[in-house]
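Today I'm looking through one model and jotting down what I find.

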Amino acid sequence: MEIYEQIKAYRPWNEQERQDQAVILAFLERNPDAFYRTNLLAHMTASAWVVNPQRSKVLMVYHRLYDSWSWTGGHADGEEDLLAVALREVREETGVQCLRPVTEKIYSLEVLTVDGHEKHGQYVPSHLHLNVTYLLEAEEDQPLRVCEAENSGVAWFSLADALSASTEPWFVERIYKKLNEKLKVL
């Protein structure tokens, strides 16, 4: 499994990533269904931090489930090429078609909690998203499109405004700030 090796080789940015890397690797070793939502405890997901070429803005969506501005991302649904999942999710959720990985390497790792919720009339129990984040780049002049099933808005934000636009304190403090800090050392 190539993604397992990529996660294992990843050099964590901080203690959160060190701990989450260990959790993700252990889960992958013990759960052959880790890439499927049928694993109700946890499953693999991919997210993208989409920046403009100047690295001064980030593309975000207003996520219906979380009622907040957030990054793009989604479930692996059997796909082990998580970079492909991240690219697919950006295209589906934002309408942006021309984008490229700044690097094909993993940008960040997270274990994310998901509270129980209704989706398509079905109850989805609380679970974990074992998430791999990629840094992608896109031009700001591309047409944006809302994905009605997922979000109600798509917009570019300055890096600072992206933090204040999100109403999820844990994401702001533990993830979005980290993703912005990492941009400074690229």
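Predicted model: local features only at pLDDT ≥ 70, side-chain atom pairs only at ≥ 80, totals over all residues.

How many nonpolar, polar and charged residues does the lining of the largest pocket have? I get 12 nonpolar, 16 polar and 11 charged.

Pocket, continued. I looked up its volume and found about 800 Å³ of space in the largest pocket. The lining comes to 39 residues, and those nearest the centre are His63, His75, Lys119, His129 and Glu150. I then checked which elements give two or more residues to that lining: strand 1, strand 4 (72-75), helix 3, strand 6, strand 7 (117-119), strand 9 and helix 5 (169-183).

Next entry, the nonpolar cores. The largest one holds 36 residues, and Ile7, Met44, Leu82, Tyr134 and Leu136 touch the most other members. I listed the elements that each supply at least two residues of this core: helix 1 (2-9), helix 2 (15-30), strand 1 (42-51), strand 2 (57-63), helix 3 (82-94), strand 6 (108-114), strand 9 (127-138) and strand 10 (151-158). Helix 3 gives the largest share, six residues. Apart from this core I found another, of 20 residues, with Trp49, Ala162, Phe171 and Ile175 among them.

Leaving aside neighbours within four places in sequence, Leu136 is in contact with Ala48, Trp49, Val50 and Val51, with Leu83, Ala86, Leu87 and Val90, and with Leu99, Arg100, Pro101 and Val102.

Strand 6 got its own entry. Is it largely enclosed or largely open? Six of its seven residues are buried, so strand 6 is largely enclosed by the rest of the structure. I also looked up its pairing with strand 9, which is antiparallel over seven bridges. In that pairing, I found Ser108 opposite Thr133 of strand 9.

Which phi does Asp77 have? I read a value near 50 degrees, positive in a residue other than glycine. Asp77 sits in the loop between strand 4 and helix 3. With a relative accessible area of 41%, Asp77 is partly exposed, because that class runs between 20% and 50%.

His120 went on the list as well: its phi is positive, about 55 degrees, and it is not a glycine. I placed His120 in the loop between strand 7 and strand 8 (122-124). Buried or exposed? His120 has 71% relative accessibility and therefore counts as exposed, the cut-off being over 50%.

Conventions:
Residues numbered from 1 in each chain as written. Heavy atoms only, no water. Core = buried A, V, L, I, M, F, W, Y, C linked by side-chain atoms within 4.5 Å. Buried < 20%, exposed > 50% of the residue type's maximum accessible area, 1.4 Å probe, protein only. Helix = DSSP H or I, 4+ residues; strand = E, 2+ residues; numbered from the N terminus. Contact = heavy atoms within 4.5 Å. 1 Å grid on protein atoms, 1.4 Å probe; cavity = no way out; pocket = protein on both sides within 12 Å on 5 of 7 lines; lining within 4 Å. Points joined across faces, edges and corners; volume = space filled by probe spheres on them. Nonpolar A, V, L, I, M, F, W, Y, C, P; charged D, E, K, R; others polar. Pairing = 2+ DSSP bridges.
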